[in-house]
Amino acid sequence: MLTARESEGLIFIEAGEKLGAEDFDAFVPLFERIAQRTPGTVPMLIELKSDFSGWNIGGLWRDLKFDIRHKDQFGRIAIVGHKTWVEWGTKCSAPLFSGDMRYFDLKDIEKAEKWARTGSTEKNG
């Protein structure tokens with residue numbers, strides 16, 4: 001299950017269970033519409049729900065193709081979750097993207113949003 005919405009140029013994604021190719025059907029047009037409309041890169045906040053278990057082969061293939069095609073359009077990507085493997089996976093994935101990627105614990109979701117938008121987690125920065 002993947003849901004995506006946009007608020008003032010920031011894409012919010014919630015991912016749960018196992019993602020398949022069909023989960024990208026709503027997300028891809030949203031991302032491409034924002035990328036065409038907004039100069040520069042597109043920031044995202046991705047919340048991995050407690051039941052998130054990765055991708056099936058179709059979902060993984062679709063995600064990889066999308067990532068390669070749009071690699072220069074990604075802005076800051078805040079990954080939010082509550083499992084150690086999510087933090088580890090974020091650190092391993094970060095070099096694959098042109099934008100910055102950072103892990104935040106679920107309790108810090110407001111800091112994650114601020115960082116994705118501005119690059120800062122400080123109240124005045």
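I am working on a predicted model here.

**Entry: the Arg37 contact.** I looked up the partner of Arg37 and found a salt bridge with Glu6, the closest N and O atoms being 2.7 Å apart. I noted that this pair links distant parts of the chain, with Glu6 in strand E1 (residues 2–7) and Arg37 in helix H1, 31 residues apart. Glu6 is partly exposed at 29% relative accessibility.

**Entry: around Lys49.** My search for salt bridges came to 5. In one of them Lys49 meets Glu14 at 3.9 Å, N to O. I placed Lys49 in the loop between strand E4 (42–48) and strand E5 (54–55), and Glu14 in strand E2 (residues 10–15), so the pair ties together parts 35 residues apart in sequence. Lys49 also forms a salt bridge with Glu47, at 3.1 Å. Glu47 is buried, at 11%, whereas Glu14 is partly exposed, at 33%. I wrote down Glu14, Glu47 and Lys49 as one network, joined by salt bridges that share partners.

**Entry: aromatic rings.** Searching the whole structure, I got 7 aromatic pairs. Among them, Phe27 and Phe31 have ring centres 6.0 Å apart and planes at 45°, so I call the pair tilted. Both sit in helix H1 (residues 24–37), about one turn apart, and both are buried. I then checked Phe52 and Trp55, which pair edge-to-face at 5.5 Å and 90°. Phe52 is buried at 5% relative accessibility, while Trp55 is partly exposed at 35%.

How values were computed. Residues are numbered from 1 along each chain as its sequence is written. This is a predicted model: local features need pLDDT of at least 70, side-chain atom pairs count only at pLDDT 80 or more; totals for chains, interfaces and linings use all residues. Side-chain values use heavy atoms; hydrogens and water are left out. Rings of Phe, Tyr and Trp (its six-membered ring) pair if their centres lie within 6.5 Å; planes under 30 degrees apart count as stacked, over 60 as edge-to-face and the rest as tilted. Helices (H or I, at least four residues) and strands (E, at least two) are DSSP runs, numbered from the N terminus. Buried means under 20% relative accessible area, exposed over 50%, partly exposed in between (1.4 Å probe, protein chains only). A salt bridge is a side-chain nitrogen of Lys or Arg within 4 Å of a carboxyl oxygen of Asp or Glu.
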